[in-house]
Amino acid sequence: GDANVIATALEGVPTPISEELLSCLQDGNYSAYYATLKKHPLVDPATVAAIGYCFGGGTVLELARSGAELSGVVSFHLHPLT
C-alpha cells in the first residue's frame, strides 16, 4: 500500500507542519505527540509507524513504551532517553 511520511524534523530543522509535534517531543509528552499526529489530515491513524536516528531513535522507543498503537518501530544508533 501507499505510505505517507510526516517528518518531525529533518536534520534538526523542524518542518512547517510539525511545530506542535516537535513541542510535544521536546517536553517528553509522547502521548500528546501521538494524539496530535493521529489528528493530522494526511495521517491514517491505523497505520502509524515510527523511525528514529540517534535522539530520534530513543524518542521512538519512548513513544512505543508510552502505549501508542504503532504498526512498527525502528531505531537506528539510538541515544537512550532513560
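## A β-α-β unit

Let's start with the β-α-β unit, which is right-handed and is built from strand 3, helix 3 (residues 55–65) and strand 4. Please keep in mind that this is a predicted model.

The two strands of the unit pair with each other: strand 3 covers residues 49–53, strand 4 covers residues 72–76, and they run in the parallel sense over five bridges.

## Helix 3 meets helix 2

Helix 3 also packs against helix 2, with the axes 9 Å apart and an angle of about 85°. Because angles of 65 to 115 degrees count as roughly perpendicular, helix 2 is roughly perpendicular to helix 3.

On the helix 2 side, the contact is made by Tyr30, Tyr33 and Tyr34, and on the helix 3 side by Thr59, Glu62 and Leu63. By residue class, this contact holds four nonpolar residues, one polar and one charged.

## Helix 2 meets helix 1

Now turn to the other pairing of helix 2 (residues 30–39), with helix 1 (residues 19–26): their axes come within 7 Å and cross at roughly 165°. Since an angle over 145 degrees counts as roughly antiparallel, helix 1 is roughly antiparallel to helix 2. As for handedness, the crossing of these two helices is left-handed.

Which residues make this contact? Helix 1 brings Glu20, Leu21, Cys24 and Leu25, while helix 2 brings Tyr30, Ala32, Tyr33, Thr36 and Leu37. Here the residues divide into seven nonpolar, one polar and one charged.

Terms used
Residues are numbered from 1 along each chain as its sequence is written. This is a predicted model: local features need pLDDT of at least 70, side-chain atom pairs count only at pLDDT 80 or more; totals for chains, interfaces and linings use all residues. Side-chain values use heavy atoms; hydrogens and water are left out. Axes are lines fitted to C-alpha atoms, for helices over the stretch in contact, and angles run from 0 to 180 degrees between N-to-C directions. Helices (H or I, at least four residues) and strands (E, at least two) are DSSP runs, numbered from the N terminus. Angles under 35 degrees count as roughly parallel, over 145 as roughly antiparallel, 65 to 115 as roughly perpendicular and the rest as oblique. A crossing is left-handed if the near helix is turned anticlockwise from the far one by less than a right angle, and right-handed if clockwise. Contact means heavy atoms within 4.5 Å. Ala, Val, Leu, Ile, Met, Phe, Trp, Tyr, Cys and Pro count as nonpolar, Asp, Glu, Lys and Arg as charged, and the others, Gly among them, as polar. Two strands pair if DSSP finds at least two bridges between them. A crossover is right-handed if, with the strands pointing away from the viewer, the path from the first strand over the helix to the second runs clockwise.
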